[in-house]
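Here is a short briefing for a first look at this structure.

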Amino acid sequence: AVMNLTKGKYPARINRQTSTFNSAADPRKMRRIIAEDPEWSLAVVPLLANLCLQNIVKNFKEKPIFDELLPGHKAFVLEKLSTSLSLSVTANLISDEAYWKRCCESRWGLSDVSEYGHSWKRMLFERHLENIIELFIPDVTDPKSVLDVVPQCRNYVRRLKISQLLPPIREPPKFEEDDSSDSASDMGHEGPSMDHFDFSILLDKLTNLEELQLVYGVKGCGMNFEWNLFEFTFRDCESLAKALKSCKSLKVLRIQQSKVDDDKCRVLVSSLLDHPSLLELDLSHNLIGDRGARAIGKLLGRSHLKRLAIYNNQIRGPGAQALSHALSKNPSLVALNLRLNRLADEGGQAVAQALLKNQNLVSLHLGANEMTEPTATAMANALVHNSTLRNLSLACNRLGVDGGKVLEEGMSHNSSLVECDIRLTDMSLENEYCIGQILRTNQSRACRRQTQDTGATQ
Amino acid sequence: MSPSTGDHRENTTITTASPADMSSGVPQLVRMAKLQADGTELVTNILVAADFRESKRRAEMEEARRLRIEKLENEAKSSLEKFEEITQKWTVAKAKQIPQDLRDALISQQILCGQLLEDKNKVIIELQQELKASDDRYVKDLKKHTEEVDLMIERLQEQIISLKKSYREELDLVESTFDEERRTLLADNRMKWEQQRQRQSDRELELLLQRMQQVEEHELQLQRLRLDNTKECNTIKAKLEMDVQILEQQLQKMKATCQLNQEKLEYNFQVLKKRDEENIITKSQQKRKITRMQDILNNLKTKCSNQEKQSREENQSLTDDYKRIMQQYKDMQRKMRHFAAVDAKRLEDVWLMNEAEAKALVRQALEIDRLIHEQQLGLAWTPPPLTVMEQSGPVQPRNRIQPSARQAAAQALVRREAAGEERELEEQTDGNTVEVPGGPESTGGRMDQKTVKRLLELLCDEMGFLIESKLLKLLLPLEKDERSLIKLDSIFSHSSVSNQGETAEQKDSDLIHPNDVLRALRAFTALYCKPRDISSRQLSGIPELEGRDDSEDGACWESLATVVPEPKLKVWSMLEAALEKYQHIEVT
């Protein structure tokens with residue numbers, strides 16, 4: 001009987017249920033049951049407390065009674081509570097992870113909670129909000145639909161990984177009238193209609209947000225591909241900059257594959273100057289050139305950034321020089337990734353020069369940057385003097401045989417570098433092997449030091 | 001799989017493997033690290049290759065773009081030249097008049113235009129081909145990327161598998177070594193445990209034997225002790241029973257006395273109760289009395305205050321009366337003095353008048369007597385002594401004029417001063433005494449000068465409070481004797497010691513202690529208060545009748561009356577008789 005009750009197959013009122021299931025109400029029936037059923041006992045009759053709890057569960061939406069319950073009763077209610085209940089009811093009332101686990105699993109099936117700090121509740125709210133934003137269509141979806149969720153998830157959302165932002169739907173007649181190329185160019189110029197979701201209305205309300213990852217583009221467009229699906233308009237940029245400025249708790253910002261060019265980069269950077277908590281910035285897979293790089297260099301001087309990734313951009317020599325200048329004075333940056341840019345020797349030498357002064361950079365990636373022998377020479381010189389750098393990648397640069405020799409020479413004086421990627425650099429196998437040997441000795445040394453340290457702490 | 005996580009895992013293997021056995025752990029470690037590094041390299045190789053290709057592609061594309069732009073520019077230049085050529089030819093063609101020529105020109109122009117278009121088309125076709133090629137390439141790249149991604153996934157999986165395998169092996173190894181160690185440890189411990197247990201059981205057996213022995217001994221001892229104790233116990237029991245009996249007797253006695261005492265106490269209690277009641281009654285009486293007394297006291301107080309007030313008023317009125325009477329008295333005195341003076345004056349006047357009359361009569365009598373003597377008798381007449389005649393005015397009684405104390409003191413002092421050199425002589429002649437001038441009246445008569453001086457000095461010192469401070473200041477420059485003289489003067493004037501007699505009286509105070517001088521002086525002044533009054537009146541110089549001695553008045557008048565002596569009268573009567581006879585004769 002209890003099972004039937006909880007499954008809710010009988011949506012009738014509880015008194016009727018009790019009358020149907022509690023046979024004690026009808027003495028004649030009771031007698032007969034006692035006579036016929038030797039298994040029958042009073043224990044089968046559900047407790048009044050349980051009945052009440054069941055009722056609470058059933059009417060939780062209208063009347064959420066939870067905090068007043070005893071711990072045991074709370075567990076019972078949590079176990080029975082439906083996962084489809086409105087979040088506005090449950091969000092700030094229930095903190096039990098088991099309930100939220102059920103909710104998550106009912107929505108998305110199997111998922112990895114370790115990514116969300118082992119908090120199912122956080123996972124639910126983050127993914128919920130992400131879904132809403134990713135499916136937000138400007139001018140069609142009401143911004144209220146996003147803002148309505150904010151009061152519930154404000155306390156639990158720490159990270160937002162927005163993998164797509166939909167553009168507004170274009171008017172069909174226009175699409176039909178012009179041919180594709182013209183319409184694309186037209187749409188590109190039509191600023192207002194192409195704006196994406198405005199983050200400035202949201203970010204200042206999420207007081208616990210620490211990580212934000214954005215892609216101004218459409219995911220899985222398939223054969224419906226059009227260039228204007230991947231537009232990051234200037235107005236978008238401005239609203240985002242405003243939003244970032246208002247979000248004081250942000251630690252990690254990633255804007256990838258969004259066609260961020262120099263001007264937009266400058267706007268974003270100007271909003272991030274003197275940001276109180278930003279630690280990591282990732283602007284990779286964009287169109288940032290030298291001017292953008294210069295702006296980022298300025299940001300390095302006026303922030304506490306620890307990690308900076310601007311790989312797969314269009315930064316050339318002058319931009320690299322500006323970055324290097326900032327790097328030589330920066331006291332906080334730990335990791336810098338400049339992969340797949342076009343620094344060339346001009347930039348490479350500048351970075352190597354900066355390494356002579358910098359005392360905190362640990363990881364540097366300069367892969368695929370069209371650098372050649374002069375960079376290798378400068379880098380070798382820097383490696384002799386620098387003792388903090390541990391990971392260095394120079395892969396896919398045509399350093400040549402001579403460059404390899406010089407680098408090997410430089411490496412022989414270095415004892416801190418643990419990893420040095422020199423694949424596809426056209427240097428002789430002999431040099432590669434020697435450098436590998438040096439790295440291995442450095443590794444084992446570092447390893448020993450670490451074990452000693454751990455031993456000492458233990 | 002990032003290198004950093006690889007490092008971390010390596011570390012974990014170290015920490016787990018190192019306690020097992022260091023010797024085999026290190027190469028194991030190196031092997032694992034190598035395995036990881038190789039695997040990572042294998043996976044990242046694809047990435048690096050892709051990067052390389054991408055960068056190469058970009059470089060190529062840039063180069064291609066550069067070439068394309070160059071080519072397009074060249075093409076534009078050449079086409080522009082051609083176009084200019086055509087436009088030039090247009091002007092030439094316009095100048096042509098002959099239709100034939102014009103047609104030729106037009107045809108040539110057409111050809112040229114066709115060439116230009118052809119060139120452009122060629123370029124367009126080329127570009128389209130390039131576009132197509134790059135499209136193909138993009139598709140190829142996409143395919144390649146998917147392949148690479150697949151490959152990467154494959155390699156990742158491979159590496160995961162291999163790493164898993166090796167880790168499992170490692171784990172097995174670690175476990176086996178751990179097991180082995182555990183087993184050996186267990187065996188060791190078990191052996192040790194067995195040994196210990198054996199030893200323990202041996203010891204316990206030994207202890208048990210010892211214990212049994214001890215138990216036997218103790219039992220014997222116990223038996224003995226028990227016997228002793230029973231004996232002792234019996235004796236003690238008997239003794240205690242005796243004691244109990246005695247104590248019970250005592251208890252009975254005590255009970256009896258207790259009963260007695262209780263009764264006594266009961267009685268006493270009753271008595272005390274009675275007394276208490278009585279006390280309460282008396283207390284209440286007393287209280288009532290107190291209140292009554294209080295009332296009386298209050299009444300008396302009010303009465304007293306009224307009385308006081310009344311008496312004060314009375315006093316006030318009496319004082320006023322007294323003042324009034326005093327005023328009247330003073331007036332009366334003044335009047336009296338006035339009348340005294342008037343009376344004295346009248347007396348004198350009457351006296352003088354009568355005296356003049358009497359004297360005239362006396363002189364007439366005497367003149368007659370002389371005439372009688374000379375003419376009738378023929379005898380020499382000698383006037384009788386006429387002392388009475390010389391006097392005039394009322395007879396003044398010779399009062400005692402006492403020299404003032406001041407004068408006496410001054411004399412005493414001055415005398416001493418003056419007699420400074422003659423002292424020896426004086427001492428020889430007069431002894432220690434000096435006759436105070438002032439004569440017979442001085443009661444002291446002779447006074448010891450030293451004593452006087454001492455007394456005076458004493459007075460100076462003791463009565464200093466009477467002297468005004470101003471005076472003292474003025475006296476400072478003077479000599480000692482003079483100073484003391486003035487001091488004494490002022491003291492006397494204040495203390496009303498004004499005559500020498502008093503000073504003399506004071507001589508008695510020779511023997512009085514200096515501290516008592518004041519008291520003596522006060523008594524003295526009280527004694528001489530009256531005489532002072534009189535003397536002050538005398539001093540005022542007003543003639544007085546009351547105190548006048550009229551005992552000599554009669555004698556005075558008598559002497560006037562008897563200025564003609566008795567025998568002379570007889571003479572006169574004889575003469576008269578003779579004369580009468582003569583006359584008779586004559587007549588006859």
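Chain B and chain A bury about 1600 Å² between them. Of that area, 53% lies on carbon and sulfur atoms. The model is predicted.

**The contact between chain B and chain A**

- Chain B gives 18 residues to the contact, and chain A gives 18 residues.
- The count of salt bridges between chain B and chain A is 3.
- One salt bridge joins the side chains of A:Arg339 and B:Asp51, at 2.7 Å from N to O.
- Residue pairs in polar contact between chain B and chain A number 7, with both residues at pLDDT 80 or more.
- On the side of chain B that touches chain A, the elements giving two or more residues are α1 (3–17) and α2 (22–95) of chain B.
- Helix α2 of chain B gives the most to that side, with 14 residues.
- The residues on that side of chain B split into 7 nonpolar, 4 polar and 7 charged.

**Salt bridges in the whole structure**

- Over all chains, a search finds 36 salt bridges.
- In chain A, a network of salt bridges links A:Glu211, A:Arg254, A:Glu280 and A:Asp282.

**A pair between two helices of chain B**

- B:Arg53 and B:Glu148 form a salt bridge, with their closest N and O atoms 1.9 Å apart.
- This pair links distant parts of the chain. B:Arg53 sits in helix α2 of chain B, while B:Glu148 sits in helix α3 (residues 99–377), 95 residues apart.
- B:Arg53 is partly exposed, at a relative accessible area of 29%.
- B:Glu148 is buried, at a relative accessible area of 12%.

**Pairs within helix α2 of chain B**

- B:Arg66 and B:Glu70 form a salt bridge, their closest N and O atoms being 3.5 Å apart.
- B:Arg66 and B:Glu70 are 4 residues apart in helix α2, so about one helical turn separates them.
- B:Arg66 is partly exposed at 43% relative accessible area, and B:Glu70 is partly exposed at 38%.
- B:Lys89 and B:Glu85 form a salt bridge, their closest N and O atoms being 3.7 Å apart.
- B:Lys89 and B:Glu85 are also 4 residues apart in helix α2, so about one helical turn separates them.
- B:Lys89 is partly exposed at 32% relative accessibility, and B:Glu85 is partly exposed at 35%.

**An annotated span of chain B**

- An unreviewed UniProt entry annotates residues 556–584 of chain B as "domain: Dynein regulatory complex protein 1 C-terminal".
- The end C-alpha atoms of residues 556–584 lie 40 Å apart. The span is 86% helix and 0% strand.

How values were computed: Residues numbered from 1 in each chain as written. Chains lettered and ligands numbered in written order. Predicted model: local features only at pLDDT ≥ 70, side-chain atom pairs only at ≥ 80, totals over all residues. Heavy atoms only, no water. Contact = heavy atoms within 4.5 Å. Buried area = accessible area lost by both parts, 1.4 Å probe. Salt bridge = Lys/Arg side-chain N within 4 Å of Asp/Glu carboxyl O. Polar contact = N/O pair within 3.5 Å; in protein donor to acceptor, adjacent residues only side chain to side chain. Nonpolar A, V, L, I, M, F, W, Y, C, P; charged D, E, K, R; others polar. UniProt positions renumbered as here; feature names shortened; annotations may be inferred. Buried < 20%, exposed > 50% of the residue type's maximum accessible area, 1.4 Å probe, protein only.
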